[in-house]
Amino acid sequence: MSIDDRPTLAAPDDDPYLWLEDIESERALAFVAAQNRRTLAAYGDAGFERDRDMLAAIFDRPDNIPMVSRRGGLLYNQWKDAAHPRGLWRRTTLAEFRKAEPRWELLLDIDRLAADEGEDWALNWVSSLPPAHERAILALSRGGSDAVVLREFDLATKRFVADGFTLAEAKGSVDWLDQDTLLLSSAFGEGMATSSGYARTVRLWRRGEPVEAAKVIFAAGNSQSVWVRAGIDRSVTPARVWFSEGLDFFNHHLWLGDASGARIRLDLPTDCWMTADADWMAVKLRQPWSVGKTTHAADLVLGIPLSEFLAGSRAFVRLFEPGPRRALQGLYWAGDRLVLSILDELKPQFEVLTPSAEGWRSRLLPGLPAIATVDVWRLDIEETEGDGDLLANVQDPLTPPTLQLIEAFGAPAVLKQAPRTFAAEGYVVTRHEAISVDGARIPYTQTGPAEPTGDAPVYMSAYGGFGHTVRPAYNAALGKLWLERGGTLVEANIRGGGEFGTAWHDAGRHAGKRLAHDDFAAVAADLVRRGVTVPKRIAAQGGSNGGILITNMLVRYPERFGALFCTIPLIDMRRYTRLLAGASWIAEYGDPDKDEDWGWLQTYSAYHTAKPDQPYPPILIATTRRDDRVHPGHARKMTAKLQAMGYDSYFYEPAAGGHGYGTDNRERASFITLGTRFLARHVGLEME
């Protein structure tokens with residue numbers, strides 16, 4: 001009896017599982033329900049329930065750090081716990097927040113709102129009107145999806161505004177021009193969406209006006225553009241508006257204008273980052289840029305007065321010089337100064353630059369550790385409202401996060417300390433390098449027992465895409481469910497990430513994505529070479545772009561792993577551009593409709609390369625039905641094909657969660673616990 005292994009590389013469009021792309025069809029939902037029952041019957045036992053409840057209790061702890069941002073002098077927070085799984089939106093003062101138990105002013109109980117309206121609401125984001133911040137647009141998401149319903153909220157009365165701004169579900173954003181006018185970038189409406197499902201226009205939406213009548217003041221000029229955006233810059237008077245047209249994920253045209261529309265397109269490389277404050281601008285290059293007789297190297301940061309640039313000057317000052325393993329991670333303005341976030345050999349640095357007519361003065365932020373994972377960001381949502389206060393989050397895999405306040409760019413002071421949620425005695429954090437197939441050095445961080453046993457149960461993870469940098473952090477879930485039970489954690493910095501700048505990212509995209517997967521396999525092999533473990537005891541997890549990674553470990557390197565957990569994954573590289581936001585990622589992967597690009601895409605489209613009679617390790621593929629970024633059809637179809645070929649494969653799809661593991665703490669705990677216990681059972685980690 002022949003085994004159905006479709007689709008194949010020989011016939012990539014002969015796909016018998018297209019029906020699983022119909023997210024809400026009766027047949028597809030019956031498949032999901034049957035798969036969920038099978039998976040929970042196998043792995044959802046009493047031990048699962050115990051660990052899920054234990055993990056949910058950790059996520060719901062009252063002494064967890066409430067993360068805050070400042071609007072109009074007050075600190076805002078969205079808090080979730082067992083009694084408020086969807087969350088409370090609340091605020092307090094900085095003086096109150098410094099206390100061990102601050103008093104909070106409740107603005108909105110999202111659980112009560114969801115119950116009253118019979119909706120699966122989550123609060124996705126907020127846009128408020130400065131400087132008073134008495135009115136806000138709340139973006140309410142059904143089940144954690146990216147698409148949101150917009151509703152105007154009065155922060156003084158703590159009620160939604162009757163006959164206020166409201167907009168039905170769509171992907172997009174808004175910014176307040178004044179109390180009666182919004183700049184709306186939304187995919188809602190006929191002809192308002194790009195092929196990726198994002199906003200194609202910016203509209204000037206006045207109070208009381210039907211959104212259909214709102215004037216379009218900016219629109220994508222290219223039919224292949226992935227989005228347009230607009231933001232109001234109040235660092236000058238009158239305020240100016242920046243418009244951006246995303247040509248692809250990494251390239252955009254940037255325009256300067258006002259409420260009437262875009263006026264000047266900036267003569268900048270389309271793949272640069274630009275940020276402006278008052279009359280200063282900073283530009284981070286992605287590729288070399290030749291201006292006259294001067295060529296500026298990739299990854300430099302250049303500074304210049306904006307007015308001089310607009311007048312034609314290109315007398316840039318070089319503000320940051322990269323190195324082979326020294327790369328900028330981000331830049332932003334705070335208190336009229338430019339803050340640079342840097343990784344130098346994966347060690348964090350934060351440089352503060354003060355511009356003036358005499359030049360740019362530079363110094364490092366003091367008091368932050370050189371060996372840790374450190375994030376620093378502006379406390380104030382509106383840069384013009386703040387005085388330069390920053391927040392810092394400091395942690396490592398064995399040390400829970402500390403939230404610190406940096407006032408006036410001075411030494412940090414501790415605001416909050418997260419609780420220690422697992423026993424870390426006897427464990428150490430070490431950094432190593434594997435050698436990939438082409439000789440490249442691939443860093444990875446190992447957290448586990450100080451004395452190796454030679455057969456440690458290892459939980460590996462990586463991402464390797466979109467220039468996203470992976471840094472080791474305190475993971476309460478894996479610390480409790482894996483480390484504390486004798487396991488080891490490994491996080492790999494494979495190519496495709498942003499750890500070492502543009503070259504590191506570019507080496508792992510397009511055809512190089514396959515090389516990034518080789519990097520991950522090389523780390524697995526290095527763990528064996530170093531005597532840490534053996535292949536059958538290595539488990540691996542990856543999500544989203546990491547779903548391509550994990551399914552390629554399945555089909556290309558099955559002998560190096562004992563079990564795999566593939567989450568919210570991208571897998572089918574033949575049809576990904578036709579599914580939800582997939583077309584926006586062509587710059588990362590390539591276009592499967594072009595023969596040249598399909599030539600490399602097919603090499604890591606595991607949906608097509610999976611074949612019968614191979615030594616594939618057990619795999620659990622999990623997604624969420626409300627993921628409107630990466631289509632759940634990827635996970636569904638890969639599972640169906642693997643099971644048709646007789647492989648030990650399982651599937652899990654909760655109804656809510658968006659492009660994540662759940663909208664509340666219990667949902668997240670269920671998702672993580674199920675996957676962790678699946679891996680543990682197959683690599684021999686004792687979970688009871």
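**View 1. Cavities in the predicted model.** By the grid rule, the model holds 3 cavities of 30 Å³ or more. The model is predicted: local features need pLDDT of at least 70, side-chain atom pairs count only at pLDDT 80 or more, and totals for chains, interfaces and linings use all residues. Residues are numbered from 1 along each chain as its sequence is written, and side-chain values use heavy atoms, with hydrogens and water left out. A cavity is a set of points, on a 1 Å grid over the protein atoms alone, where a 1.4 Å probe fits but cannot get out. Grid points are joined across faces, edges and corners, and a volume is the space filled by probe spheres set on the points. The second largest cavity holds about 50 Å³ of space. Its lining includes His-252, His-253, Leu-254, Pro-269, Cys-272 and Met-274. Lining residues have an atom within 4 Å of a point. Strand 16 (residues 252–258) gives the largest share of this lining, 3 residues. Strands (E, at least two residues) are DSSP runs, numbered from the N terminus.

**View 2. The largest pocket.** About 280 Å³ of space lies in this pocket. A pocket is an open set of grid points with protein on both sides within 12 Å along at least five of seven lines. Its lining counts 19 residues; Ile-371, Ala-372, Val-429, Arg-431 and Pro-472 lie nearest its centre. At least two lining residues come from each of strand 26 (347–356), strand 28 (373–378) and strand 32 (427–435). Strand 32 supplies the largest share, 3 residues.

View 3. Two strands pair if DSSP finds at least two bridges between them. Strand 22 (residues 301–305) is joined to strand 23 by 3 bridges. Val-301 has Phe-320 of strand 23 as its bridge partner.

**View 4. Aromatic pairs.** The count comes to 32 aromatic pairs. Rings of Phe, Tyr and Trp (its six-membered ring) pair if their centres lie within 6.5 Å; planes under 30 degrees apart count as stacked, over 60 as edge-to-face and the rest as tilted. Trp-280 is buried at 18% relative accessibility, and Trp-360 is buried at 16%. Buried means under 20% relative accessible area, exposed over 50%, partly exposed in between (1.4 Å probe, protein chains only). Phe-500 and Trp-504 also form an edge-to-face pair, at 4.9 Å and 85°. Phe-500 is buried at 7%, as is Trp-504 at 9%.

**View 5. A ring cluster and two charges over rings.** Ring pairs link Tyr-198, Trp-227, Phe-249, Phe-250, Phe-466, Tyr-576 and Tyr-589 into a cluster. The charged end of Arg-38 sits over the ring of Tyr-650, 4.0 Å from its centre. Lys-284 places its charged end over the ring of Trp-273, 4.6 Å from the ring centre. A charge sits over a ring if NZ of Lys or CZ of Arg is within 6 Å of the ring centre and within 35 degrees of the ring normal.

Conventions
Helices (H or I, at least four residues) and strands (E, at least two) are DSSP runs, numbered from the N terminus.
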